[in-house]
Amino acid sequence: MLHEVAIDTGPDPAFVFKKKLGVIMFTIYAVIYAAFIAINVIKPVLMETAIFAGLNLAVVYGFGLILVALVMALFYSTACGKRERLLEAQGKA
Amino acid sequence: MIEILPVVIFVSIVALVLLISFYFAAKAKSSSGYYAAGGRIHWGINGIAFAGDYLSAASFLGICGLIATAGYDGFLYSIGYLAGWIVALFIVAEPLKRLGRYTFTDALDAKFNSKAIKLVAAISTLVVSLCYLIPQMVGAGVLITPLLGFPHYVGVILVGAIVITIVATAGMTSTTYVQFIKGTLLIVFSIVVVVVLCLRGLTTTPDQGGAVPFKDFKTLAAADASGAVIPSDPSYKVVGQKDVKKLRFVKLEKDGRATWWKAESGASGLSLHETQETVTAKDGSKYINGAPASSANKLALVGNLEVIAGKAGVEARTGPVGPFKFLALIGDPTSQVRRWKEAKFVDGSTKVTVYYSELTPGNRIMRPGLSFKVEGTPLERIDFISLMVALFLGTAALPHILIRYYTVPSPAAARKSTIVAIAAIGFFYVLTLFMGLGAMTSGVINLTDNNMSAPLLARSFGTFLFAMISAIAFATVLGTVSGLIIAASGAVAHDLMDRFAGIIKSDKEKVRAGKVAAFVVGFIAIILGILFKGVNVSFLVGLAFAVAASANLPSIVMMLFWKRTTSKGITASIIVGIVSSIGLILLSPTMFELYGLDPALAPVPLKNPGIISIPLSFLTIIAVSLLTKRDMAEEHARPVQS
């Protein structure tokens, strides 16, 4: 696989956007994660409830947390990449 | 008896790892090459290498072992470990890449240029790396015995020696490629294990593909005559009795062989259930199940379903099942899993450990509560929350993970490699649930060490898969330990000797210092790996996460998001984070058990310190920063975004 050349990172015009988006997305995920912990300690029996294809809430929520992490990561990367390209184009113009 | 194939595969993988190291040795002459692989690694390779770094002995051996013995509770570690990557991606990945050069200390100190930060951040890196190294080395010892027949300490020394060679020859470059290969192999072969597991399906009499006959433990009817137990089978004679924490064990003798049985009162009266046991006599001699311990007389591997979705016996056999069906059948409320627990007591001059079984309904297996007391006292629930918080916040504060952001060329590459890591790690963690439950129901659990559950599950499919999985697990340890030693050697040579003390005069000298530091840290890791033999590796990693989240994360987050943060605030926060988390661990019930003391006497009732030490570290940074002023150097230091 070809390796990119190491670059000296200059100022990042998209920094503020990425920082804000990162905090928002972190907060959303933290809430989903906190809800998972809350169910486990407040009403763990709820985790036995069958949800999908015979799988209970514990398994669906657990797999869901993994899947949501990936989806949010892809969304974040796409949004950051788009903003970087946009600001780069504006800077050149 | 040692089989040839596992040895050949093991030696081949170790040889491959060493070849990679020697091949890249020429590229590690400069400090940039040695500590950060020249910042030229492709983000795709770095992403899988991230997975290689992260999917350590704890992830693979420890989580599968915990799931095999405690069901869904073990999977909670998988969820927490993966969730931590969200913090890494959204909060720290890009800023850290922009600010740092070789080490986590670089980034933390970028705004301040403070000697105190350099010192405490480097110490923090060393402490966290050592905490994380212990379980990896324990895992190495665990693997080596069934694979090569050597004792535990030989495995630990072997890993130490190989890793020191990897790190000392080519630093971060060889470590990265070792991680990449290992991460790929681990995921691919875990998929293979899960596929063959689903194809084999579920049965109530697992026999490891016909290799090991299923052991059916006996039950004897008995009568209770004024407290004295009388077995209905007159060939058994009662020779002892012991009550241990609401359980009653009865010692029966037959044909000159004495064994312990568990007494249970039910609707049909009193019954005695066969157990497994180890008895250690005063002179040190060891007996297993009433006969001297030997290579032929060992504890039987256990774990099986007694009832599958309401069916028992031959008609319960499922044949091939899909992955969802596999989970649904085990979690069915009418399924029953035979799980094993242990009780320890003294009988005359002998020390006895009895392993007894209990039936657990499937719905209890597939939700939290068998290990973590989520339905227990408020304190036990807080302990669970504490663990989950530490797992969530710990990833983004692990030094050996943070330094991998310096091996890629740009912040965008750092971001992309994190996403590859999340995909690879997340997928692997889904597989751990299948492998753990597979071990739980396939009669492959080693009662004295659940860390071997995944490799032993692989062995139930034949020698080749066992050899591959064991060799990959060993490579897993090699890779993670290499990353940790690189992080530790960077802390010593770059942070302490160069930037703090200023005693490094040239680039060459810095590389040499790093190699010497790698040797010393590797040696310490070997000693600790031998001392901590037998402790569940995932539990130990959970504690390392708590120390990392307490010592490092508050300073990273506050430095990035709070303008009034001062160097003194950061320094104080790291010190408080390290001292409080380690102090709480040392005074916890778990450590009291290790000391051989009564866990109930532990002054700190929590097993997981994160819920106290993380907020304490945050409060410290806020309080100290408000009380201290930023000096001129700090005012003119470069802002975070540039």
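Mentor: Happy to! Let's start with B:Glu342, which is partly exposed, with a relative accessible area of 42%. Its partner is B:Lys344, and the two side chains meet in a salt bridge with an N to O distance of 3.9 Å. That distance counts because the cut-off for a salt bridge is 4 Å. B:Lys344 itself is exposed, at a relative accessible area of 58%. Please keep in mind that this is a predicted model.

Now look at B:Lys262 and B:Glu264, another salt-bridged pair, whose closest N and O atoms are 2.7 Å apart. Here B:Lys262 is buried, with a relative accessible area of 5%, while B:Glu264 is partly exposed at 31%.

Next, find B:Lys215 and B:Glu274, whose side chains form a salt bridge at 3.7 Å, N to O. B:Lys215 is partly exposed, with a relative accessible area of 36%. B:Glu274 has 18% relative accessibility, and it counts as buried because the limit for that word is under 20%.

To put these pairs in context, the count over all chains comes to 20 salt bridges.

Methods:
Residues numbered from 1 in each chain as written. Chains lettered and ligands numbered in written order. Predicted model: local features only at pLDDT ≥ 70, side-chain atom pairs only at ≥ 80, totals over all residues. Heavy atoms only, no water. Buried < 20%, exposed > 50% of the residue type's maximum accessible area, 1.4 Å probe, protein only.
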